[in-house]
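Biologist: I would like to go through this model label by label. Take each term, give its cut-off, and show me the value.

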Amino acid sequence: MDRVELARVVRAARARIAPEAVGLPAGPGRRVAGLRREEVAVLAGISVEYVVRLEQGRGPQPSTQVLVALTQALRLERDERDQVFRLAGSAPPLSGHIEMSVRPSVLRLLERLGDVPALVLSAKGDVLAQTPMAGALLGDLMRWPEGQRNIVWQRFLGVGVTHVASRREEDEAAAQQCVGLLRTARSRYPHDPDLHSLTEELIDGSERFWSMWEEGRSTTSRSMRKTIDHPDLGTLALDCDTLLLPDTDQSMIVYSAAPQTREATALDALQLPGVSSRRRIQ
């Protein structure tokens, strides 16, 4: 690990990012070029103290998860990201493994989607980024613990997912799609260790998953209707469209409603302060 050079690269990357480029207000009286350390910490989901120690060349060796979050927060392109991995003493993400970094251009697109709930998923269903509206509708999914920040894991092993009997057909279709997506990912990334671990954990921990897995079905992401039980806004039936990002084998999920419907009014209300973000996902 080259702590001195890593510190220099991180400081330089932070200095060249304008706050408005990452959806933050510039504000008056800024004394630093680019982002503040506090802002990088928030974007990466790490402590300010960690960023300080890293930039001073005295921090511990970052984990792969921290490096992914940090390089994404700093909007680094692939070559720059790989350089940071090498300076930190870690191997860059390998070709043939599932891509866990969101491209800067996709993050910029998310920032322009300020009035709709949207999130980016990896090929195996990891939540990689979300809009503030998605947080208001579904909760802050980025706060799920590492290893559980995955829609398939949450559906079969999570405690926060509630299935309603009156919507059993929708639940069954969504569950089948989750299992089919993992099977498709296994065929594309047979040597990805995290994918293998996730699949084995689901097989061991969920009889329902195992039963569906044994059926051997594969699928790709599809647009569908989703039912959301929101504690303040009630039951919302929303269109859930999937936009594929083929270069990284990721997908962007966008929730919307037809104009002049109760659901459209509810989505507008999500932008009001004080609306609860607790929810149950069908």
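Modeller: Start with S122. Its side chain makes a polar contact with the side chain of D126, at 2.7 Å. A polar contact is a pair of N or O atoms within 3.5 Å; within protein, one must be able to donate a hydrogen and the other to accept it, and residues adjacent in sequence count only if both atoms are side-chain atoms. A word on the source: this is a predicted model, where local features need pLDDT of at least 70, side-chain atom pairs count only at pLDDT 80 or more, and totals for chains, interfaces and linings use all residues. Residues are numbered from 1 along each chain as its sequence is written, and side-chain values use heavy atoms, with hydrogens and water left out.

Biologist: Where is S122, and which residues does S122 touch?

Modeller: S122 is in the loop between β1 (118-121) and β2 (127-130). Helices (H or I, at least four residues) and strands (E, at least two) are DSSP runs, numbered from the N terminus. Contact means heavy atoms within 4.5 Å. Leaving out residues up to four places away in sequence, S122 touches I98, E99, M100, L128, D249 and Q250.

Biologist: D249 is on that list. What makes the phi of D249 worth a mention?

Modeller: The phi is positive, about 55 degrees, although D249 is not a glycine. D249 sits in the loop between β4 (234-245) and β5 (250-256). Its relative accessibility is 21%, so D249 counts as partly exposed.

Biologist: What is the phi of Q260, and where is Q260?

Modeller: Phi of Q260 is near 60 degrees, again positive in a residue other than glycine. Q260 is in the loop between β5 and α12 (262-269). At 83% relative accessibility, Q260 counts as exposed.

Biologist: Now the rings. How many aromatic pairs are there?

Modeller: The rule: rings of Phe, Tyr and Trp (its six-membered ring) pair if their centres lie within 6.5 Å; planes under 30 degrees apart count as stacked, over 60 as edge-to-face and the rest as tilted. By this rule there are two aromatic pairs.

Biologist: What makes F156 and F209 a pair, and of which kind?

Modeller: The ring centres are 5.3 Å apart and the planes stand at 80 degrees, so the pair is edge-to-face. The pair links distant parts of the chain: F156 is in helix α8 (residues 151-157), F209 in helix α11 (residues 207-214), 53 residues apart. F156 counts as buried at 11% relative accessibility. F209 counts as buried at 0%.

Biologist: How do you classify F209 and W213?

Modeller: F209 and W213 are stacked, with 5.6 Å centre to centre and 20 degrees between the planes. Both lie in helix α11, four residues apart, about one turn of the helix. Ring pairs link F156, F209 and W213 into a cluster.

Biologist: What sits over the ring of W213?

Modeller: The charged end of R183, 4.0 Å from the ring centre. The test asks for NZ of Lys or CZ of Arg within 6 Å of the ring centre and within 35 degrees of the ring normal.

Biologist: Which residues touch the most other members in the largest nonpolar core?

Modeller: A nonpolar core is a set of buried Ala, Val, Leu, Ile, Met, Phe, Trp, Tyr and Cys residues joined through side-chain atoms within 4.5 Å. The largest has 25 residues, and L6, I46, L70 and L74 touch the most other members. The elements giving two or more residues are α1 (3-15), α2 (37-44), α3 (48-55), α4 (64-73) and α5 (78-87). The largest share, five residues, comes from α4. A second, separate core of 19 residues includes V127, L138, L233 and C240.

Note on methods
Buried means under 20% relative accessible area, exposed over 50%, partly exposed in between (1.4 Å probe, protein chains only).
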